[in-house]
Amino acid sequence: MAFGFFKKKIEDILPGKVSTDKEELFCYGFDASSTEGSPSAVVRPVSTEEVSEVASFAFNNDIPVVPRGAGTGMSGGAVPLKDTIVLSLEGMNRIIGIDKENMVAIVEPGVINYHLQEKLEEVSLFYPPDPASMKFCTLGGNVAENAGGPRAIKYGVTKDYVLGLETVLPDGRVLLTGGITYKGVVGYDLTRLLVGSEGTLGIVTKIFLKVLPVPEETATLLCTFSKLDDAARSVSKITSSSIIPRTLEFMDNDSIGAVENYKSFGLPINAEALLLIELDGTHAAVTEEAEKVASICTSLHGSVSIAEDIFSKQRIWEARRAISPALYHIKPTRINEDIVVPRGNIPEILKAIREIAEKNNLIIANFGHAGDGNIHVNVMTDKDDKEEYQRAKDSIKDIFEATLKLGGTISGEHGVGLTKKQFVGMELSDTSIAIMKNIKNVFDPKGIMNPGKIFPPD
Ligand code: MLT
Ligand code: ZN
């Protein structure tokens, strides 16, 4: 049946909240990966009831639905395939409550991560997951992708903070899992299953989050190295000491250069690598740990500076968050991977990536959350240069092979979506994939919830 017919019906359900304008359909066809699609309609519900009504209409008419937050995902999870409704949850952006007694925040999925951070700060609380896109990304998207961020090394990722969820199932039923208690073991942990399911099992409409008190003090150290290997070895040495930094971020020379070309932050462009290390806790603990970390880095020929005030700290973090957009100044196309290796294997994986770059004559810029072994590997190329683009794509398989050989995983925090689904079989066994497909089928027997994502093509 022509989509025009369905549009009229959805408009009857949600008057004024449905768009089929060409420009809008174009904008909702992208996320932050280099993949694109084109939906048939964009629908903007503002309540659980409205989400449920649209879902049950889509279910009864076999129309695929793609839930979407701010579209900052890196693996195409929110990119719609053909003849799809994009369900934009941006309008469900209320912070429903901050409960200091129970240390819980209750939010709708369209709340921007940073807006929650600001609200929590007013009452001396914080929510640790801090993806680089925190000023734009939504908490619903963070739940869908199980987003991480620099603070994951000490505080964990989104799944460690989600106590409960309200989810609209593909047929329109509303499922409540967990709640505001910190513990709960009645039945299977469906909350954990839904976190990171990339919108393939249902549409999250309410999130119950654990929050923490703001630490007394934070110290920010910038350590620069003239040898990449010394930086990599410092990471292993710090993580195997008794210190757990709040962040342990890494940038290689290509990333430093790209950021400085983009905007001058004062980073050392001649360094082969730098580490951005933060420590938090009581004044005494932070002072002692900062000294220990500084001495580890200097023992490996690093040069250490400590940010003296809030402005220097903000500048350093602004530089770190600018890496992603800045990389496009190296080359117009970026194949952005997100591998993780056991932390002790960082020197080996960086060496392997360097060899792959040299062998294929490619620029591969590396940065990321070295403290938890999570390196964002960016193969820089130009889609229009067919031969180079092919070489770039071929190098991905080599990078994944090296990662898996070192005991790693092909995605730490960006998800599988569309961009990594053809590689999933390299990491997961047939048995794992078959179980996951069965789970998907229980939630979504018609296969209409964010179809075409995660699973390798048959
Ligand atoms: C980051 O850490 O900056 C993000 O995960 C995004 C990226 O890889 O570009
Ligand atoms: Zn990251």
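This is a predicted model: local features need pLDDT of at least 70, side-chain atom pairs count only at pLDDT 80 or more; totals for chains, interfaces and linings use all residues.
Two strands count as paired if DSSP finds at least two bridges between them.

**View 1. The open sheet of four strands, in the order β1-β2-β4-β3.** Pairing within this open sheet is mixed, and its four strands follow the order β1-β2-β4-β3. The edges are formed by β1 (18-19) and β3 (65-68), each of which pairs on one side only. Strands of a sheet pair through backbone hydrogen bonds, in either a parallel or an antiparallel manner. Strand β3 runs parallel to strand β4 (residues 85-88), and four bridges join the two. Within this pair, Pro-67 stands opposite Leu-87 of β4.

**View 2. The hairpin formed by β8 and β9.** Strand β8 (residues 162-168) and strand β9 (residues 174-178) run antiparallel and are joined by five bridges. Opposite Leu-165 stands Thr-177, a residue of β9. Five residues lie between the two strands of the hairpin, and in this turn Gly-172 has a positive phi of about 100 degrees. In a regular strand, side chains alternate between the two faces of the sheet.

**View 3. The shell of residues around ligand 1.** Ligand 1 is surrounded by Met-74, Ala-132, Arg-320, Ser-324, Arg-334, Asn-336, Phe-367, His-369, His-376, Glu-413 and His-414. By class, this shell comprises three nonpolar, five polar and three charged residues. Strands β16 (333-340) and β17 (363-369) each contribute at least two residues to the shell.

**View 4. Polar side-chain atoms beside the oxygen atoms of ligand 1.** Arg-320 places a polar side-chain atom 2.7 Å from an oxygen atom of ligand 1. In the side chain of His-376, an N or O atom is 3.0 Å from an oxygen atom of the ligand. For Glu-413, the distance from a polar side-chain atom to an oxygen atom of ligand 1 is likewise 3.0 Å. On its own, ligand 1 has 270 Å² of accessible area, of which the protein covers 93%.

**View 5. The second largest pocket and its lining.** Rolling a probe the size of a water molecule over the atoms shows where empty space is left. The second largest pocket holds about 870 Å³ of space. Its lining consists of 32 residues, among which Val-195, Gly-196, Ser-197, Glu-198 and Met-436 are the closest to the centre of the pocket. At least two lining residues come from each of α5 (139-145), α7 (190-194), α15 (424-427) and α16 (430-443). Helix α16 provides the largest share of the lining, namely five residues. In terms of residue class, the lining has 14 nonpolar, ten polar and eight charged members.

Key. Residues are numbered from 1 along each chain as its sequence is written. Chains are lettered from A and ligands numbered from 1 in the order in which they are written. Side-chain values use heavy atoms; hydrogens and water are left out. A residue is near a molecule or strand if one of its heavy atoms lies within 4 Å of it. A polar contact is a pair of N or O atoms within 3.5 Å; within protein, one must be able to donate a hydrogen and the other to accept it, and residues adjacent in sequence count only if both atoms are side-chain atoms. Accessible areas come from the Shrake-Rupley method with a 1.4 Å probe; for residues, only the protein chains shown count as cover. Ala, Val, Leu, Ile, Met, Phe, Trp, Tyr, Cys and Pro count as nonpolar, Asp, Glu, Lys and Arg as charged, and the others, Gly among them, as polar. On a 1 Å grid over the protein atoms alone, a cavity is a set of points where a 1.4 Å probe fits but cannot get out, and a pocket is an open set with protein on both sides within 12 Å along at least five of seven lines; lining residues have an atom within 4 Å of a point. Grid points are joined across faces, edges and corners, and a volume is the space filled by probe spheres set on the points.
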